[in-house]
Amino acid sequence: MRNKVAKLDHLNFTVSNFDKATAWYKEIFHFELVEEGKSPEGVRWGILRRGDSMLAISEYPNKKEYRGVDDHVMNHFGLKLTDRKAWEKPMEEFELKAYYPSPVEYPNSTSWYVQDPSGNKIEVAIWHNDR
């Protein structure tokens, strides 16, 4: 019998500045730093958590230091929120810039496309009727 996936555990990606990224994800999405350390090579890493959602980040000020330039890259990751007005407040307060015309109205959801301080792309989705 094969294991069934219960849920996605975490997303792992690089950031250019650990402290700036940690503060940004805390301020914008209320993620908390729950674990951090350094790899044997001296790379600073951390786990950010909000409820059951976790992000694993590693600091590489120069992206080319991370496994060269031939790696696959993540297009974006999505975060599901439930309160449009609560989301639009930090969009305005922190002057978050969309990298794609936003908001986008889909048949069952509305999405905004923003970037973190390192340029990682995030889709923020609010599902109509929370479905």
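Residues are classed here by relative accessible area, with buried meaning under 20%, exposed over 50% and partly exposed in between, for a 1.4 Å probe and protein chains only. The structure is a predicted model, in which local features need pLDDT of at least 70 and side-chain atom pairs count only at pLDDT 80 or more, while totals for chains, interfaces and linings use all residues. Residues are numbered from 1 along each chain as its sequence is written, and side-chain values use heavy atoms, with hydrogens and water left out.

Helices (H or I, at least four residues) and strands (E, at least two) are DSSP runs, numbered from the N terminus. A nonpolar core is a set of buried Ala, Val, Leu, Ile, Met, Phe, Trp, Tyr and Cys residues joined through side-chain atoms within 4.5 Å. The largest such core has 22 residues, of which Tyr25, Phe29, Trp87 and Ile122 touch the most other members. At least two residues of this core are supplied by each of β1 (11-15), α1 (18-29), β4 (53-59), β5 (77-81), α2 (84-93), β7 (109-115) and β8 (121-127). The largest share, 6 residues, comes from α1. In soluble globular proteins, nonpolar side chains tend to be buried together. With contact taken as heavy atoms within 4.5 Å, and neighbours within four places in sequence left aside, Ile122 is in contact with Trp24, Tyr25, Phe29, His76, Phe77, Leu79, Tyr99, Trp112, Tyr113, Val114 and Asp116.

The expected span of a helix is 1.5 Å times one less than its number of residues. For the 12 residues of α1 this gives 16 Å, in agreement with the 16 Å between its end C-alpha atoms. The buried residues of α1 are Phe18, Ala21, Thr22, Trp24, Tyr25, Ile28 and Phe29. These residues cover an arc of only 165° around the axis, which puts them on the same side of α1; the arc is that of the directions from the helix axis to the C-beta atoms. An α-helix has 3.6 residues a turn, so residues three or four places apart point the same way. At the start of α1, a side-chain oxygen of Asn17 lies within 3.2 Å of the backbone nitrogen of Asp19. Just after α1 comes His30, with a positive phi of about 65° although this residue is not a glycine. His30 belongs to the loop between α1 and β2 (32-38) and, at 48% relative accessibility, counts as partly exposed.

In α2, the residues Trp87, Pro90 and Met91 are buried. Viewed down the axis of α2, its buried residues fall within an arc of 110°, so they line one face of the helix. The face turned away from this buried side carries the exposed residues Lys85, Lys89, Glu92 and Glu93. Elements covering the buried residues of α2 include α1, β5, β7 and β8. At the start of α2, a side-chain oxygen of Asp83 reaches to within 3.1 Å of the backbone nitrogen of Lys85. Following α2 is Glu95, whose phi is positive, near 50°. Glu95 is placed in the loop between α2 and β6 and is exposed, with a relative accessible area of 58%. The loop between α2 and β6 (104-105) also holds Pro103, and the peptide bond from Ser102 to Pro103 is cis, with omega near 0°.

Rings of Phe, Tyr and Trp (its six-membered ring) pair if their centres lie within 6.5 Å, and planes under 30 degrees apart count as stacked, over 60 as edge-to-face and the rest as tilted. The structure holds 10 aromatic pairs. Trp24 and Phe29 form an edge-to-face pair, at 5.8 Å centre to centre and 75° between the planes. Trp24 counts as buried at 13% relative accessibility, and Phe29 counts as buried at 5%. Ring pairs link Phe13, Trp24, Tyr25, Phe29, Phe31, Phe77, Trp87 and Trp112 into a cluster.

Ser58 lies in strand β4 and is buried, with a relative accessible area of 15%. Leaving aside neighbours within four places in sequence, Ser58 is in contact with Phe13, Thr14, Val15, Val43, Arg44 and Trp45. Trp45 is in strand β3 (residues 44-50) and is partly exposed, with a relative accessible area of 26%. Between Trp45 and Val15 there are 9.5 Å in space, C-alpha to C-alpha, and the two are 30 residues apart in sequence.

Notes. A polar contact is a pair of N or O atoms within 3.5 Å; within protein, one must be able to donate a hydrogen and the other to accept it, and residues adjacent in sequence count only if both atoms are side-chain atoms.
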